[in-house]
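This briefing is for a reader who is meeting the structure for the first time.

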Amino acid sequence: MKIHGLQKMTLLDFPGKVACTVFLGGCDLRCPFCHNAELIDGTAPAVMEEEELLAFLKKRQGLLEGVAITGGEPLLRGQELTELLGKIRDLGYPVKLDTNGTHPDRLRALLDAGLVSYVAMDVKNSPEKYAVTCGMKAMDLSPVRESVSLLMEGRTDYEFRTTTIAELHDAESFRRIGEWIAGAKRYFLQKFTDRDTVPFEGFHAPSDEEMKQYRDIVRATVPAAELRGVEE
Ligand code: SF4
């Protein structure tokens, strides 16, 4: 399998672990605030083949504690991903998977096979604003809802998260998200940060005060809701 990026060490991507982050190209959504836009249409050049990644992981045994897999949308890789995760597991690494939740069947298969120990799933916005937040004209939310329900069964450790943007989110967004994921184990409101690579210019982060207000709205139904990227 082709690998589109490798961050050799991170303390931030895999909760509680010193990890590396593996980037896989291709995504079925077109979020206008995407930080990895160069990866989403699947045309970005690969930086290495799978064998080179596995050799790197073998060398880092005892130094790294886990592998974070992100994208793009990693679950688009289907069977290729299953096989790669099996090889990573055989090297002794737990895997954290980032997903947009559009492929619940593939997510379930990875959980059934015991190949993922932590899942971070985006909950992009309220159901009413979901499609526009994902850069789509229309969107069937059933797969995303199914992935939310699957993770909330608690078969693996997980978090939900929302990148929060002043132009796309408001208090009602978070009231509706809170209703949707009521009782979730972990939920993070992440403050948007702009970058040159973000495809749409003109997005802004909410103020810290607005972020705290949104968190408190969600806490009515998700007491575990926390902020990322906000000074408390
Ligand atoms: S789902 Fe993630 S990778 Fe795909 S376009 Fe949206 S932010 Fe980018």
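**Salt bridges in the predicted model**

Lys185 and Asp157 form a salt bridge in which the closest N and O atoms are 2.7 Å apart. This pair links distant parts of the chain, since Lys185 lies in the loop between α7 (171-180) and β9 (187-191) while Asp157 belongs to strand β8 (residues 157-164), 28 residues apart. The model is a predicted one, and it holds 22 salt bridges.

*Exposure of the Lys185 and Asp157 pair*

- Lys185 counts as partly exposed, with a relative accessibility of 44%.
- Asp157 also counts as partly exposed, in its case at 25% relative accessibility.

*A pair within helix α4*

- The side chains of Arg108 and Asp105 meet in a salt bridge, with an N to O distance of 3.6 Å.
- Arg108 and Asp105 are separated by about one helical turn, because they stand three residues apart in helix α4 (residues 104-112).
- Arg108 is partly exposed at 27% relative accessibility, whereas Asp105 is exposed, with a relative accessible area of 54%.

*A pair with a buried partner*

- Glu80 and Arg77 meet through their side chains in a salt bridge, at 4.0 Å from N to O.
- Arg77 has a relative accessibility of 16% and therefore counts as buried, the cut-off for buried being under 20%.
- Glu80, at 38% relative accessibility, counts as partly exposed.

Terms used:
Residues numbered from 1 in each chain as written. Predicted model: local features only at pLDDT ≥ 70, side-chain atom pairs only at ≥ 80, totals over all residues. Heavy atoms only, no water. Buried < 20%, exposed > 50% of the residue type's maximum accessible area, 1.4 Å probe, protein only. Helix = DSSP H or I, 4+ residues; strand = E, 2+ residues; numbered from the N terminus.
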